Amino acid sequence: MATAVTTAPRRGLFARPTAKTGVWGWMTTVDHKKIGILYGATAIFFFILGGLEALAIRLQLATPNGEVLTAEVYNQFFTMHGITMIFLVVMPLGVAIMNYFIPLMIGARDVAFPRLNAFSYWVFLLGGLFLYSSFFLGGAPDGGWFGYAPLSTTLPGNGMTFYSLGLQILGVASLAGAVNFIITIINMRAPGMTFMRLPVFIWMSLVTSFLLLFAMPIIAVALFQLMFDRVFEANFFNPAGGGDPLLWQHLFWLFGHPEVYIMILPAMGIVSEILPTFARKPIFGYAAIVFAGAAIGFMGWGVWAHHMFAVGLGPVATSAFALSTMFIAVPTGIKIFNWLGTLWGGDIRFKSPMLFALGFVSMFIIGGLSGVSHAIVPHDMQQTDTYYIVAHFHYVLFGGAIFGLFGGIYYWWPKMFGWMLGEGWGKVQFWLLFIGMNLTFGPMHIVGLQGQPRRTYTYPEGMGWDFWNMIETIGAFTIALSVLVFLINVFISKFKKEEAGDDPWDARTLEWMTTSPPVEHNFDEIPVVADRDDFWHKKYGGTPETAPQPVIAGGADDLAHGGDHIHLPSPSYFPLYAAVGLPVAGYGVVYFNEWSFAPIVIGVGMLITLLSLFGWVLEPGTAEE
Amino acid sequence: MTSPGRSRRVLLGAALLALALVFGGCAEDAPQDFLNHQMGPNAEKADRIWDITFLIAVVIFFVVEGLLVFALIRFRHKPGRVAEQFHGNTKLEVVLTLIPALILAGLAVPTLRTIFDIASKPEGALEVTVTGRQFWWQYEYQDFDFQTANELHIPIDTPVHLTFEAADVIHSYWIPRLTGTQDLVPGRRNELTFSADVPGRYMGQCKEFCGLSHANMRLIVFAHEPAEFQTWVSEQQKPADPASGDVAAGEKLFLEGECVNCHAIEGTDAAATTAPDLTHFASRETFAGAMFEVNEENLAEWLRDPPAMKPGAPMPDYGLTEDQIEKLVAYLMSLD
Amino acid sequence: MSAHAVAVEEHHTSTGLDNTKLAMWAFLGSECLFFGSLITTYLLYRNRVVSGPTPHEIYDIPYTSVSSFVLLMSSLTMVLALAAIQRGDHRGLRVWLLATAFLGLTFIGGQVYEFSTFVEEGLKLSTSTFGSSFFVLTGFHGAHVTVGILMLLALVGMSWAGRLDPASEGARKVELIGLYWHFVDIVWIVIFTVIYLVPTNP
C-alpha cells in the first residue's frame, strides 16, 4: 500500500522492444495505424492469391470439357477462393480501415486495447498462412468454404482438417478485433462525440463488431465438432453414429448469414462517408441509415435457413424464413434511398473514391433485387446452387463490398500516406473494374437460369452455356487488369508523391483535422465535438443543432492540453509470440493421427500462447521512460 | 466529363439486359434451362411467381438506377453550384420504407401459397425411392419391384412421388424443366412430388457439391405416354436373358470376378446393390451418372480404368486384360 | 467530474465504465453463444443413442451434485477474495484465491474421475452422438475452469510479487477474473440442470 501511484519499472521476460521502424518496429508495433496498414497490405496480398485462383477457375470453365485444372485442383481452388476472399480479403480489408480510422474518426489516441489489436493481426496473418501451407502439405481444403458434412468429415487427406483449424484460428483474430472495436467505440469517444454524432462508418463498424462477437462462437463450435469428427472419431455429423448432417448447416448458416452482413456493412459505412463528402451535403436521413444498419444486424439472425430451402425443412419453416428473407430487404432499401437522397441537390464531384462509391450503389441495387428473388422459394428451389446464386453474391460482395473497400482505399489513402493516388489511373481502374465485374458476373445470371450448377469443375457441350462462360472468363481477366492498374497506380503515385495536405477532399469528419499521415498520437489536442460532421462545421461555421454535451474522452485524461506528456502504449513482443502458439498447436491437431509426438506439438503451441499471455499481463501497457 | 461515361454505363446495362432476354428466349439448345419451356406443374408454378417478381424487379431497377443517373447528371459539379444543406425528409422516408414493404407483402402471398401447393402429395402417385451415391443415382420402383440407375422413366400427367435417401454424402436431385431441387440428406427421408406434362427427355444433375465428380453426377428423366411407360416397366421387370454363345464367357467373368461384389443382375447370382443394377444395362442410353453414352468403346474405356474416365469413381481399375474387357463388354451389351 | 480529481492512474472513458470490465462482459456475451451452441447440440443428440449406454444408464447424479456444489462454493470464496483486496488485505486475498483454485481443482479432479468411469462403462467420444456431445460440452467447460484456475494462481503470484498494488488497481484485476469465474460457474449450473437433471426419454 505504501508504494507509489505507479508501479516501479520492471523487466518482463524480455527487454521491452524499442524499435519504431524497421522489421522489428512493425513486428512489435501496437500503433493502430501501423496495424491497420499491416492488415490492409496482408489482405491485398491474399486478394491477389484469391484472384489468381479465380482466374484459374475461369480458364478451366472458359470452354466445355476444360482441361486446365483437374477435378482435385479445381475443388481446392474454388474452396480456397471462397475462404480467401471472405476471411482473408473482405473481412480484413474492412478491419484494416476500421483499425486505422475508428480512433481517428472518434477523436481517440488509439484503440482500447492496442496489444490485443496487434495480437488480432498476427493471429490473422498466421491463420491465413496456416491455411495456405496446406497446399504444400498434401492438398488444400476441398470441401467448399461451406464445408457441408458429411462430405467435409469424410473427404480424404488433411485438407478439411486444415479448414477446421484454420478458420478456428482466424475466428480468434476476428473475436479479438470485435471486442476491441466495440469497447473503443463505446468508451473512447472524444468529448461531445455522442452516439448520434458518430460517423455512419463508425456505426456500421459497431454493428459489424457485435455481429462478429455473437457469430464467431457459433462457427467455433461447428468447427470444433468437425475437428472432433475428423481427428478424434466423434459422431457429430456421422449418420451411422446417429449424427445429423443438418446440424452443421444450421450452425454454419447461423454464423454464415450474419457473416454476409459482417462483410457488407463496413462497405456501406465507407460509402456513407464518401457520398456526403463528394456531394458536399450531410448524409440524408442519418437516423434512418443508422437504424437500418442496426435492423439489418438484428434481422440477419433470423434468415439463415434461406440457405437451406432444399434440405426438407417442411412448408411451415420454409414459409417463415421466406418471409423474414423478404423483409430484410426493407432496411436495405432504406439505405439505398438515403444514398440517393444524399446525392439529391448536391454539388457532385466525380473523384475516384466517389466513382467506386457510386459503383457500389448501382451494383448493390442489382445484388439486392436478385437477393429478394431467393425468397420466392418455389423458384429458389430452381435457382439454388446454380450460377444465378454465384452472380447474386458477387454483385453483393464484389460489386458491393469490394467496390466500397476500393472506394475507402482511394478516399483515405492520402490521409494514411500523405500523398495522393493518381486520379487518372484511379478512373481507369474504376472503369476496368466496373466493366470487368459486369462482364464476369452479369452473364452468370443467364447461365444460372439456363441451369448451370455451381461448384462443378466441368460441363459438357450442348448445354447452351459456352458463349457466356467465355465472356465471363474475359471479364475475369478485365478485373485482373484493373487490379494490376491499382498496383501500378500505387507505385507510380509513390514515386510522384503528390502532396495530399491534411484535407484533400474538403471532407467532414475528424480524421481530416490532423496531419497526413497522422502523428503517432493522432491529435495534438483531442477535438471537442459539437455536432455531427463536426470538422465541416468547424470549417464552414454552420450552427450546431444541439448544444454540445461534453463527455470525458477515453484515455485522454490530461492529454487534451498539448502533446508533451502523451503516454502512448509501447511496442510489445507478446502479441506476436502469443499468436505463434496457435498455428503450432493447429499443426499438432492436423497431424494427430500421423505423428506420435503430435500431442507434444499441441502442448508446446498452447504453452507458447499461455506463457506469452502471462508475459503480456505482467508487462505494463506503457513502458516507463 | 463523366456524364457521358455515366450514360455509356446505362447503355451497357440496357444492352446486357436486352441480350439476357434474347438469350433467355432462344434457349432451345439449353436443355437445363428453367426460365423457358417448363414442362411440369412444379416448374410452371415456380415460373409464374418468378415472372411477377422479375417484372417488379426490372421496374424497380430502372426507376432506382434512373434516379441515380439523373441525380448524377443533374447535380454534377458546375462552377457556382452550391449544395443544398438538408438532413432528411421524414415523410418521404416513411413513404419510401412503406412502398417496398407493401410490394414484398404482395409477393409473399403467392409465394406462400405455392410453397404449400408444391408440398402437397396427391393420391395414386408413382412411388420411386431414389438413393444418391457418389456419383450416380439408384432408383427403386417399389410398385414394380425392380431397380435401375441414373435414368428415371415416368408416365406423363401422373404424379411421381420420390422418396430420397443418401448413401454417403448430401446430394440434390434436380430436373430443371420439371421441378425444383430437393436435397438427399444421409439419415433423413426427404420427398418430392412432381409430374411431367409432355413426353420427352429431360436433363438434370446433382446440385449439391458431393466430391470429386459432383460435376459428373448427371441424370435423365424420360417421360412417356402411359402405355409406353407400361411397356418399359414390363421389360424392366423381366430378369436378364440367360447368357449363351459368345457372351457366356463374359457372364462367367462377371460372376466369378470382382463385378459381382457390387453389381446385381436379375436372373443371375449377382445381387449386390452398392453399384448400379445392370439387369437391363444395354437398354439405357447412358452410364456412370448419365455421363457416357452406352456403346462398346465407352464401356471398354471405362473397364480399363474407371477413375481415369470419371474422377473419384468408386469402381477401381481392376487391371483387366483386353481380352477380359472384350468379353465383359460383349456380355454387358447383350443385357437389353 | 473532472479528470484531474482522480489520483490513481486510471483510464477515463466515455461511459465511465472500465474498458477491461466492459471487454470482459462482451467476451462473456460471446461465450454465451459458444456454450449455447454446445448445449443445443447436446439436447438435439442426447436421445439418439445408436450404441453404447444412454444418459440415464450412466449418470451418477448424487456424485455430480457434490462436485457441482463444490464449484458453486468456489463462487463464494471468489467473492470473499474480492472483498479482501477491496479492504487492502493481501493475505486474505491470497487465502481466498487459493481456496477458490482448490475448489476448482477439486471439481476438475471430479470431472476427470467421472470421464474415466464413463469410458470404462463404454461411453467414449466415438461411441455415439450422446458420447460426442457430452464429452465435448463438459470437456470445454472443464477447459474453461482450468483456464480460470491458471488465472487465479497467476493472481496469487502477482499479489505475492506486489503486482496488485495499489489495492484499487488490484481489486479491478481480481474483479475481472472474478467475473469470468462466476460466469463459468453459472454456465455449469445450466449444464448440470440441462444434462443431468432434466429427464431424458428412455
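Strand β5 of chain B, residues 160–166, has alternating side chains. Val160(B), Leu162(B), Phe164(B) and Ala166(B) point to one face and are buried. Strands (E, at least two residues) and helices (H or I, at least four) are DSSP runs, numbered from the N terminus.

This is a predicted model: local features need pLDDT of at least 70, side-chain atom pairs count only at pLDDT 80 or more, and totals for chains, interfaces and linings use all residues. Residues are numbered from 1 along each chain as its sequence is written, while chains are lettered from A and ligands numbered from 1 in the order in which they are written.

β5(B) has partners. Two strands pair if DSSP finds at least two bridges between them. Strand β1 of chain B, residues 126–133, runs parallel to β5(B) and is joined to it by seven bridges. Leu126(B) stands opposite Val160(B). Strand β8 of chain B, residues 190–194, pairs with β5(B) in the antiparallel sense over five bridges. There, Phe164(B) stands opposite Asn190(B).

The loop between β5 and β6 (171–175) of chain B holds Asp168(B). Why is Asp168(B) partly exposed? Because it has 19 other C-beta atoms within 10 Å. Asp168(B) touches Arg133(B), Gln134(B) and Pro186(B), leaving aside residues up to four places away in sequence. Contact means that the C-beta atoms of two residues, placed from the backbone, lie within 7 Å. Asn295(B) is 127 residues from Asp168(B) along the chain, and their C-alpha atoms are separated by 29 Å.

Chain B also has an open sheet of three strands, in the order β4-β10-β9, with mixed pairing. The twist averages 25° from one strand to the next. β4(B) and β10(B), residues 218–224, run parallel and are joined by five bridges. Within this pair, Leu152(B) has Val221(B) as its bridge partner. Helix α4 of chain B, residues 226–237, lies across β4 and β10, at about 135° to β4(B). Axes are lines fitted to C-alpha atoms, for helices over the stretch in contact, and angles run from 0 to 180 degrees between N-to-C directions.

Next, the side of chain B that touches chain A. In all, 78 residues of chain B are in contact with 76 residues of chain A. α1 (2–25), α2 (41–74), α3 (90–119) and β7 (179–184) of chain B each supply at least two residues of that side. The largest share, 15 residues, comes from α3(B).

In chain A, Val271(A) touches Trp339(A), Ala357(A), Phe360(A), Val361(A), Gly404(A) and Gly407(A), not counting residues up to four places away in sequence.

Finally, chain C. Its helix α3, residues 61–86, has 26 residues. From first C-alpha to last it reaches 38 Å, close to the 38 Å expected at 1.5 Å a residue; the expected span is 1.5 Å times one less than the number of residues. Buried residues of α3(C) include Leu71(C), Met78(C) and Ile85(C). The buried residues pack against α4 (90–120) and α6 (167–197) of chain C. Gly88(C) follows α3(C), with a positive phi near 85°.

Note on methods
A residue is buried if 20 or more other C-beta atoms lie within 10 Å of its own, exposed if 12 or fewer, and partly exposed in between; C-beta atoms are placed from the backbone.
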